[in-house]
Every structure is written in C-alpha cells, then in structure tokens.
Amino acid sequence: MNTVTHQETQALHAVTAVAVAAHDLLLIPLSQLRPSSRNVRKSGGTSIPELASSIARVGLLQNLTVTAARDGEHYEVVAGKRRLAALKLLAKRRKLAKTHDVPCLLVPDTSARTVSLTENVQREAMHPADQFEAFAALVGEGRPVEDIAADFGVTPLVVQRRLKLANVSPRLLADYRANAVTLDQLMALAITDDHGAQEAAFYDTPQWQRSPQALREHLTEREIDATRDALARFVGIDAYEAVGGGLRRDLFSDDTRGVFLTDAALLDSLARDKLAAVADAARAEGWAWVETVPRLTSAELHGFQRARRDRRTPNKTEAKRIAKLQARQQAIDDRLNADDAEDMAEEEASALYEENDQLGAELDTIEQSLLMFAPETLTVAGAIVAVDHTGEAITHRGLLRESEAKALRTQERQRTQAGGNDDDAQPTALGISEKLARRLSAHRTAALQAEVARHPQVALVAVAHRLALRVVVDGYRLDDSPVNISATPQDGLDAFAPDVAQSPALVGLREVLQAWAERLPSEANALFAELLVLPQQELLSLLAVCVAVTVGAVTPREDNLPATALAQAVNLDMHPWWTPTADGYFAHISKAKAIEAVQAFAPAHAARLAKLKKNDLASEAERLAAGTGWLPMMLRAAEPETQAETPADTEASE
C-alpha cells in the first residue's frame, strides 16, 4: 500500500497552515451542519455512542472544519465526521439543543480536500500503553473509576482492564511498546500482580510456550479453574467465598470464565461437608464401609472390583408396565423405519425420538430397581461417595478391595459346594482381537509420546537408560562415532489406527514439532551452534520432544503392554487422550464383550442393549459411555507391583 511521504506531508501542512491563518473560528448552530462528500475519510464512524458520552461529560475538545454550502444556509463538515455524528446523537437524545453553537474552522471551498486529508494524515495514534498509564494516572489523582468511565463513554470494566494492564511489569510494558510482546500475551500475564511471576512466565519459557493460554495456565497452575473443576461447581463459588476462600479473577475473560480458586484444601473440606448427608444415606443402606473421596479418579475407581447384582423377577405391576413401555417403543421404531418415514415431517420425527428417549429412561429406571445386591454382599462390600465430572454427588456402591473380593468368592464357592456343585471354575474371559489391540495401543503410544514431550526429566532418564543398557550393563560400545544413538520416529501409527492422526495427542505433538522446525536452522553446523547457546531448560524441552517421537508401544496383545515403566513415570492417564466410541471401539468387539463393558459403566442399561443389533448396540454404548471415565483394560493406568486381574475384575466400573 502506498503511503504519504514526509515531503508530501509537509507540503500539505504548509497549504493548510495558510488556509487556517486566513480564517477565524466560527460558532455555528448544530442544525446548520451536515457531512461533506469531500471528507477523505470514508471508513470508520464507530464508537459514536461512546464519543457522545465523552462530549457530554467534558465537552467538544477539537473544533470541526467546514466549508460553506451552496445553499447559503448550511455548512459541510470536511473534517470531524465522527464528532458531528456524536453531536447529532446528543441532540436526538435531547441532551443538546439543535441550536447549540459548535466551534468550526471555515476554510475555502478549494482547500476542502486538502484540509481533510491533512487532518487525517498528520495525526498519530496514541500507543495503547500510553492509554493504560494515563488511566492509572487519573486514578492516582483521586478520580473514581466510575467517573473516568463516564468521561470516556466506556464501562467501569474497561477502565479496570486498562488499570490492570498498566500494572504489568515495566519490563514487559517496554517490550510491548517495542512489539516484542503482544496485547493478548499482556492480558494473560495481567492475571497476577506479581511482576516477578509475570517476567518468569514470559522470559523463562521457550518462545513456542508463550501463547496467551500457555502463559495463563503457567501463572494459575496451582489454582483451581472454577468453570472447569467439578468440585468447584459442586460447592459453588458463593459458598466458597462466604467462608473466606481466596479468589483470583481474570478481568479479560467473560463473566462465566476466568475465576480461579486459590485454597484447594478449603474447597475439599467444603465438598466433604456437603457430601456428608449423602454418605450417611449410604451407611443407612448397610454397607460394610463408606468413604468420602470428593476427587475420585477413574483410575482409583477401577482399582476396585465390583460385587455382582442379581436381577429379581418383576412383580405383576412392574411386568405389565415393562411390557407396555416395550410395546410402545417397538411401535415407534416401526414408524421411524417404515418405507414412508422419509416423508415424515421433521416435527413428528423429533417428537417420536423424544418420546422414545423418555420411554427408555423409564425402562432404565425400572431395570435399575430390579438389580439387587445379595445381603451377604452388604456385609463385605462398601461404597464411595464422590463428585462426578458434571459436579454432582454420586455414590459408587458394591466396591470390593482385593481381600474382600477373595472373601466373597470364597463364600460363594462354599455355598456352591454345599449345594452339590463342584464346578467352581471361573468363566472364560472375553478378549479383543489383535487388530483392535494394535489400534488401542497405537492411541496409547500417541498419548505416551505427547506426555513424554511434556516431561523433559523423564525423557532425559529414558535416554540415560538406553545408554546405560548398551554401555554399562551390557558393555556394548560403538567405536566409529563419539555418540551413536539411533532415533527412529514412530510416525506410522495410523497404519494401526486410522483415526489416530487427528487425536489430541498427535495434533498437539505435530504443532510442537512444527514450532521447533521453524525456529531451528536445518544445516548441521548451524544447528549445533544454535544448540550450544540454547538455555538448558529449552534444550531439555527439545530433547523431550525428540525422545517422545521415538517412543513405540504398539502391541497385538492386550495383556502385555510395552513401556509400562515409562507410562508410570509420566503418570499416563488416557482419559484426556481417548474416549470410547462406536467406530473406535464398540463396533470392533463382540456383542458379548460390548455388553460386558456396558455392565461396567451403565449396568442398568445392559439388559436393554442386549436386545439391540450390533451396530445399534455400538452407537448406544458410545452414548452411555460418554462422561463416565470408562476405559478398556488395555488403556487403564498400570498399577506397579500388583497381581494381574481378570478382565471381569478390571472391566468393572460405575
């Protein structure tokens, strides 16, 4: 885009100076002013209400520039279009008389465009940092925030945000003026008033970790996001604040986000108090033990075995209601699958689907009431009261520790033997195919790569471990190179899992690799020189990424997972990286295996799903599994130094 040169600007300024010198300011009634087509500024015209509010508070600080109209009664504004619009708005709101005198500079008709162009070319926008500091200076002079907001036609929140930015570290503000820090980064850093923490978050992290979101997470990593944390939703911000809980608010987030709780211990205590009544109700049911664990993880829950529930025979009333509900469901299915279903009105189809869901919910409630724990189970098993991922109280019943499960199995075996049945063999476990095992382990490998990339210390240990195995333990040494470590990227995971390329793990890892590729030189000697001067923390970050992409843990066997020590070292949790879907899991296992899984995460629905066709079962299982935290055995966190469990034991969950 062409710009006006310094010489051209000076020429324009000289011409305008002559025009201004030859004319005086006039006071012209507002009703006689109208916009001119010769105003060179064609865009803009925004924030008129704010400008009007400012003029109403502090007056018009700059005159308009006009030429006489041909009708001899009006004047056309060639410079000051926004100011004129704001004045007209005030008159429309009856805050200014239509005859209000407006200071205007009358210029010759022949100078109209020149004057208009000069006013727009000569101006220099105020740097935002100057604005921040000016707002802070006004507050320092004793001006209330509300008055400042009214003067500039903005909300008090806008003023508070400017003040927050003015309080950022002077070093960061200086770099902001020099375009080395962006406004979004500055807003993220303003979440804390600690200048040392702000500078450490920005200057002590690699360039590719300085996104606004990463900076904000770095400064709040020990705090609790009230909008995302289930416990915070369960307790409630008001209840937490009422007892003195500390809060940090991000002024640059909307009303529903940007609230962080600083007292995790208090939040946990409040959650336990609120769960006390739920725990008392569970104890009244007669369980051998009841514990309150507000933040119960899926891995912890899967560490328990589940006591079996038996389905009692429905009474006449229940059986009649079940038959009626199922008959209506069948009628709806027939209608939705009829030959003329495509011609059905959308409203009718939606109503039928909604009714079908309501029927299913009622059937599930009845089925749930028919599932009963045996009396002897209550004397051994227990319950845990917790908060689920939605922020609601939940009671996990029928939980068995290893010793309790053995004791219960012993009781059952003794009862069976007493009844004359010597066959106490355990049922054969249902397995998965080698193809599915490779698919699941490919996703596990991708997640493991992503986690290793985030743990430089573990990556360094992995490299040292590899070297020690070759050099120290086995005494194996290569003499033709001072350092000889092969690095083979494991980037063919999509051969085992077609959907893994779009998984959160690989998408994030590709972004990190791309950032490093753009930063580092490709020539070997230049790369070595660059790495020599790289800060140690960044060098370790690079090492972690390089080690991560070499991790390989694909296996055809679900009972023999590679890299378990590495997974434990990075605390691998597959929940953020993989979710059970029809295409990704349920459609690739047998119907019996799918029902076994449903019995784990939605036992009340198992009987209903058993009647569905396999494709429908897979879709419904995906819907029911959503948000439960259930994972197949192959993707669960490995427990160190524990005995192997049968799939029937480990697949169980609420």
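Predicted model: local features only at pLDDT ≥ 70, side-chain atom pairs only at ≥ 80, totals over all residues.
Residues are numbered from 1 along each chain as its sequence is written, and side-chain values use heavy atoms, leaving out hydrogens and water.

Start by selecting Y585, F586 and F601. These have the most contacts inside the largest nonpolar core, which has 60 residues. Such a core is a set of buried Ala, Val, Leu, Ile, Met, Phe, Trp, Tyr and Cys residues joined through side-chain atoms within 4.5 Å; buried means under 20% relative accessible area, exposed over 50%, and partly exposed in between (1.4 Å probe, protein chains only). Helices supplying at least two residues each include α20 (434–453), α22 (504–519) and α26 (591–601). Colour α20 next: this helix gives the most, with 10 residues. Helices (H or I, at least four residues) and strands (E, at least two) are DSSP runs, numbered from the N terminus.

Now centre on Y585. Beyond residues up to four places away in sequence, Y585 touches I432, L436, L440, W578, K593, W630 and P632, with contact meaning heavy atoms within 4.5 Å.

Move on to D225, in strand β6 (residues 224–225). Is D225 buried or exposed? D225 is buried, with a relative accessible area of 16%. Leaving aside neighbours within four places in sequence, D225 is in contact with V259 and F260.

Finish at V533, in the loop between α23 (524–532) and α24. V533 is exposed, at 64% relative accessible area.
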